[in-house]
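User: I would like to learn how to read a model like this one. Could you take me through a few features, general idea before particular case?

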Amino acid sequence: MHAGENPRHRSNGARPSRDYLTIEGVTKAFGDTKSLVGVDLRVAKGEIHALLGSNGSGKSTLIKILAGVYQADAGTLNMPSGEIDLTAHLPSDVRASGLHFVHQEPSVFPSLSVAENLQLQRDAGRNPLASVRRSALHERTRATLERFGVDAEPETLMLDLAPAARTTLMIARTLQDDEDSRDRILILDEPTATLEAADVRMLFDALRRYAAAGQTIIFVSHHLDEVMNLADRATVFRDGRNAGTLRREEFTESALSELIVGRPLATYFPSPGVRGDENPVLRASGLCGNCVDGVDLSVYAGEIVGLAGLVGSGHTELLRQIFGIENLEAGEVSVDGEALRLGAPHLAIAAGLAYIPADRYADGIFPDLSLEENLGIVSLHRYRRAFGLSRRAERAEASRDLERFGVVASSPAALVSSLSGGNQQKVIVARWLRRTPRILLLEDPTRGIDIGARSDLWTLIDQAVDEGAGVLMTSSDPEELARVCNRILVLHSGRITHELDGSSTSADDVTELIHRPTPVAA
Amino acid sequence: MIETRPKQRNADAEKRLSPRAVHSRGGEPGSSKVKKGRLAEVAEAYALVVLTIALLVFFWALPSTRDAFPTTDNLRIVAADQAVLLMISIAVLVPMVGGTWDFTPGATTGITAVFAATTVQSSGSIMVAILAAVGVGLAVGVVNGLLITKARINSVIATLGMTLVISGVVQWKTGGSTIVTGIPSGLVNFGADYTLSVPNLAWVGILTALVISFTLSRTIYGRRLYAVGANRAAARLVGLRNERLVFSTYLISGALCGIAGVLLLARTGTGNPAAGPAYILPAYAAVFLGASAITPGRWNVWGTVTAVVFLGILNNGLTLAGANSYVNSLVNGAALIGGVGIANALARRRGRTLEMT
């Protein structure tokens, strides 16, 4: 079944057969919200096992239970070393259990050196006052760095490392003491979330090596291509339950995505943008400042324009400058022919612009406010009555919106932070669509969102576009740009170098143009 | 910058309702699960109210306070005393809604009381005294607001520094002595009288609570203020002018302190420079305790009102029961710590941590 194309598969062709690690009947509720309802997971020794699911499917909750961050309401973990009761599994037990974690949010100390970061893990449980011998420490660190192929010095500060090197180093930190041992279980929670394609390849090569050496790997991911590329088996969670487990030879994108979403996915295509003699909705000319070096662009009603580029090429800065949250040295922007005063978001909003930030946790939601308050913040004037804001009118509209946008929530009064990431993003988009904006500025709008919510979001944005809005967007996913955009503008060092027709452009074209070192004139 | 808002965690992403708890108005109505959740919510919201009533009943029945506590006179004294604390608590609360701290209201109330006293001494007009007090309060607010929004000094440091500056000004103005002469009897009578058997001072407090609560929960301004307090970055991206909003909270706070200063003067009949500053920590205790009541998890006026009443009854009852005066400090300190503890626990249960450093 696995031809010898992959070195990871042991030469005798033996597929992992007996269960090395068995997780059974894990249940966990947060208040009334059931995050996990009796899920099982069986992993064989030396296997790379992917854990898949939408946001809110419960996979991160399971990882956190295994890490002892949460205690399960029920469930057990069976390993050769014995049975662990997950209802009383604490972080302090994890080290002894042989489980090793690399979490989604890098748990590094950015202002400490590489050597110090590696040392901290090793030191756990030792005499805190024991002195550290610098030369020995550095020597050991250098050896570890070499073994894991990280290009850094022991004195390098963690914050100066590239994200991929940081992730690799965290794995190194986890495995450093006995990377030759064969009974390790390595659990990675979305290890590629912050990595670029080349770094992902490096990481995957490393993971394959570890698995070939007999380590067992469980990894959580959103990206189907990664799973198909790397995993021996994949278990899918949906709504806190097992949706199914597929073997490598059963992997297809549609099979996996149907398990994740529970239904076949709607496909979305760009609507034909209205162009030609008509005036653009948004016209920007001569924009200069912070990474942007002389950009002219127009967005017409009913079209989606994508901005593609590497970090620092100016594509995200451009969006922020047009919206007025980043400063410009020069340039003019007009909306429907009217000049826009730059540098003031409230004026941009008044002119019909809407901006959806990439980091919805930090910049998008108001975590302590309810759904209806989150939805209403840019359209409060609608509920103004003679005697204050009308809560009833606000709630009625919020209920309608939740239904229309397919937001899964218990009530409009629920806190927005109780929602999954995908649903939070729907709330943020819904907030703006209430105002029927002329221009939507979308910064990586589907980052970290599962494919079900992604398809819902695009359906909504497409509706707005059909009603005559223009969209200017960036995305970290070239596939998405190629699929949804009518036009794609490729940026290099602050200038537009290519303009592509979305209908005839593939993701590979976009990726290639983004990375092409010396841009050819468009 | 010290953030008063609970920190968002990625963990929240995994905690959502199952799709079966449909989004339309309450899911399956009448299911016991829903009812239970709602009951627990109501119990949480009114726990402090119930506790306050229990305390009232307790001191009513306690042999050592049975005679002195439940008298009209005593309850009026409590109400009038707590009116000043309520004003100062609300002055603390408003900037907190917008996500910044204000430690000046105690000192500001002190300085406005002193200015009201000297103004009324020289002019003889109560109206002028009120204007002077509110004017001084507003001036403090303007300085606080400028320090925080223009000079971008951390609000804790700015307002603590201002507290010292204000106490210096008061020393300079009074020489540290209490102003006892020349307070018109009209003002003192207002402080001692009652309308519809409720002390006038308490009426002022109730009226203020009504106005501020309406402003915070039923106006566009209030809603925007909560948004700024919940997430400044997001507030900016929805077009809110954070600096203006934060600045305005210090103006409101200052003006409320001006009124509080006049109440203090009317209540005591003297311009005592030491009287105001003593209120600041009890005010914080009330605001934190208040955040666990009525609309738990959010700074709110009626929760604060409840907490002020709670503290008033507790302190008064203990005093009547023969407790030493230092017990009041113990109570207020415990209430402050307990209030923050409860606020933390509430935030944790929602999967977040309240960042208080």
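User: Over which residues of chain A does pLDDT stay under 50, with five contacts in the model beyond four places in sequence?

Analyst: Happy to start there. pLDDT is the predictor's confidence in each residue, from 0 to 100, and two residues are in contact if their C-beta atoms, placed from the backbone, lie within 7 Å. In chain A, pLDDT stays under 50 over residues 518–522, and the model gives this stretch five contacts beyond four places in sequence. A word on conventions: residues are numbered from 1 along each chain as its sequence is written, and chains are lettered from A and ligands numbered from 1 in the order in which they are written. This is a predicted model, in which local features need pLDDT of at least 70 and side-chain atom pairs count only at pLDDT 80 or more, while totals for chains, interfaces and linings use all residues.

User: What is the mean pLDDT of chain A?

Analyst: The mean is 80, and 85% of the residues of chain A reach 70 or more. Residues 1–16 of chain A have pLDDT below 50, and this stretch makes twelve contacts beyond near neighbours in sequence. For the model itself, the scores are ipTM 0.79 and pTM 0.73.

User: How many helices and strands does chain A have, and how many does chain B have?

Analyst: Chain A has 17 helices and 22 strands; chain B has 13 helices and four strands. In chain A, 69% of the contacts with a separation of 6 or more are between residues 24 or more positions apart. For chain B, 77% of contacts between residues at least 6 apart in sequence join residues at least 24 apart.

User: Why does F405(A) count as buried?

Analyst: The general idea is a neighbour count: a residue is buried if 20 or more other C-beta atoms lie within 10 Å of its own, exposed if 12 or fewer, and partly exposed in between, with C-beta atoms placed from the backbone. F405(A) counts as buried because it has 20 C-beta neighbours inside 10 Å. F405(A) sits in the loop between α13 (391–404) and α14 (421–433) of chain A. Leaving out residues up to four places away in sequence, F405(A) touches K426(A), A430(A) and L460(A). By the buried criterion, 48% of the 522 residues of chain A qualify, and 49% of the 357 residues of chain B do.

User: How is the packing of two helices described?

Analyst: Two packed helices are described by the angle between their axes and the distance between the axes. Axes are lines fitted to C-alpha atoms, for helices over the stretch in contact, and angles run from 0 to 180 degrees between N-to-C directions. In chain B, helix α7 (residues 200–218) and helix α10 (residues 242–268) pack at about 165°, with axes 11 Å apart. That makes α7(B) roughly antiparallel to α10(B); angles under 35 degrees count as roughly parallel, over 145 as roughly antiparallel, 65 to 115 as roughly perpendicular and the rest as oblique. On α7(B), the contact is made by L201(B), V204(B) and T208(B); on α10(B), by L256(B), I259(B), L263(B), A266(B) and R267(B).

User: At what angle do the axes of α11 and α12 of chain B cross?

Analyst: Helix α11 (residues 280–290) of chain B and helix α12 (residues 301–320) of chain B cross at roughly 125°, and their axes come within 7 Å. That makes α11(B) oblique to α12(B). Residues of α11(B) in this contact include P282(B), and those of α12(B) include L311(B).

User: Is P282(B) buried or exposed?

Analyst: P282(B) is buried, with 26 other C-beta atoms within 10 Å. Not counting residues up to four places away in sequence, P282(B) touches L85(B), L311(B) and N332(B).

How values were computed. Helices (H or I, at least four residues) and strands (E, at least two) are DSSP runs, numbered from the N terminus.
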